[in-house]
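Student: I would like to go through the terms used for a protein model and see what stands behind each one. Could we take them in turn?

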Amino acid sequence: MTDTANTNGAQCGCLTPEQLRILREHGTERPGSSPLNSEKRAGEYRCAGCGTPLFRSGAKYESGSGWPSFFEAIPGGVGTTTDTSHGMTRTEVHCAHCHGHLGHVFPDGPPPTGLRYCMNGLALTFVPRDGATLSRK
């Protein structure tokens, strides 16, 4: 991670300990625990660590996985690395700006991409299209 990633959120106190565990230590939240699973409003999902736009609400779908899922990321918003932890090989997804851990992407999603970006809700901030309220859950 970059120096920005290591300090962003931790020093300002704007992230919870659980968000820091997920974003900076590659943690995972319990499936079904994120209020963002049921978020249906139009808007944008951003990195909770730095505010980078990651996903649009039009790409969100119910995957049945227990985590907020998307079939497409905003270009330039996310990066990927190979994750060989837990005795398997997966593709980890991180914020392209602060390198915070977001979740994983799998090749079992719906058309048009066939991808399932399975994200930790605590790693995301939802910004409604009208911008009236923010949700950090």
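Tutor: What follows is a set of questions on helix faces, ring pairs and salt bridges.

Tutor: This is a predicted model, in which local features need pLDDT of at least 70 and side-chain atom pairs count only at pLDDT 80 or more, while totals for chains, interfaces and linings use all residues. Residues are numbered from 1 along each chain as its sequence is written, and side-chain values use heavy atoms, with hydrogens and water left out.

Student: What makes Tyr45 buried or exposed?

Tutor: Buried means under 20% relative accessible area, exposed over 50%, and partly exposed in between, with a 1.4 Å probe and protein chains only. Tyr45 has a relative accessible area of 0%, so Tyr45 is buried.

Student: Which residues of helix α2 are buried?

Tutor: Gln19, Ile22, Leu23 and Arg24 are buried in α2, which covers residues 17-25. Helices are DSSP runs of H or I with at least four residues, strands are runs of E with at least two, and both are numbered from the N terminus.

Student: How do you know on which side of α2 they lie?

Tutor: The arc is taken from the directions that run from the helix axis to the C-beta atoms. These residues cover an arc of only 165 degrees around the axis, so they are on the same side of α2. In general, an α-helix has 3.6 residues a turn, so residues three or four places apart point the same way.

Student: What does the face turned away from the buried side of α2 carry?

Tutor: That face carries the exposed residues Pro17 and Glu25. After α2 comes His26, with a positive phi near 60 degrees.

Student: How many aromatic pairs does the structure hold?

Tutor: There are 4 aromatic pairs. Rings of Phe, Tyr and Trp (its six-membered ring) pair if their centres lie within 6.5 Å; planes under 30 degrees apart count as stacked, over 60 as edge-to-face, and the rest as tilted.

Student: Why is the pair of Tyr45 and Phe126 called tilted?

Tutor: The ring centres are 4.8 Å apart and the planes stand at 50 degrees, so the pair is tilted. The pair links distant parts of the chain, with Tyr45 in strand β1 (residues 43-47) and Phe126 in strand β9 (residues 124-128), 81 residues apart. Phe126 counts as buried because its relative accessibility is 0%.

Student: What makes the pair of Phe55 and Phe70 stacked?

Tutor: Their planes are 15 degrees apart and the distance is 4.2 Å centre to centre, and this pair is stacked. Phe55 belongs to strand β2 (residues 53-56) and Phe70 to strand β4 (residues 69-70), 15 residues apart. Phe55 has a relative accessible area of 0% and is therefore buried. Phe70 is also at 0%, so Phe70 is buried.

Student: Which residues do ring pairs link into a cluster?

Tutor: The cluster consists of Tyr45, Phe55, Phe70, Tyr117 and Phe126.

Student: How do you know that Arg41 forms a salt bridge with Glu39?

Tutor: A salt bridge is a side-chain nitrogen of Lys or Arg within 4 Å of a carboxyl oxygen of Asp or Glu. The closest N and O atoms of Arg41 and Glu39 are 2.8 Å apart, and the two form a salt bridge. Arg41, at 39%, is therefore partly exposed, whereas Glu39, at 12%, counts as buried. A search of the whole structure finds 5 salt bridges.

Student: What makes Arg116 buried or exposed?

Tutor: Arg116 has 14% relative accessibility, so Arg116 counts as buried. Its side chain meets that of Asp108 in a salt bridge at 2.8 Å, N to O. Asp108 has a relative accessible area of 48% and is therefore partly exposed.
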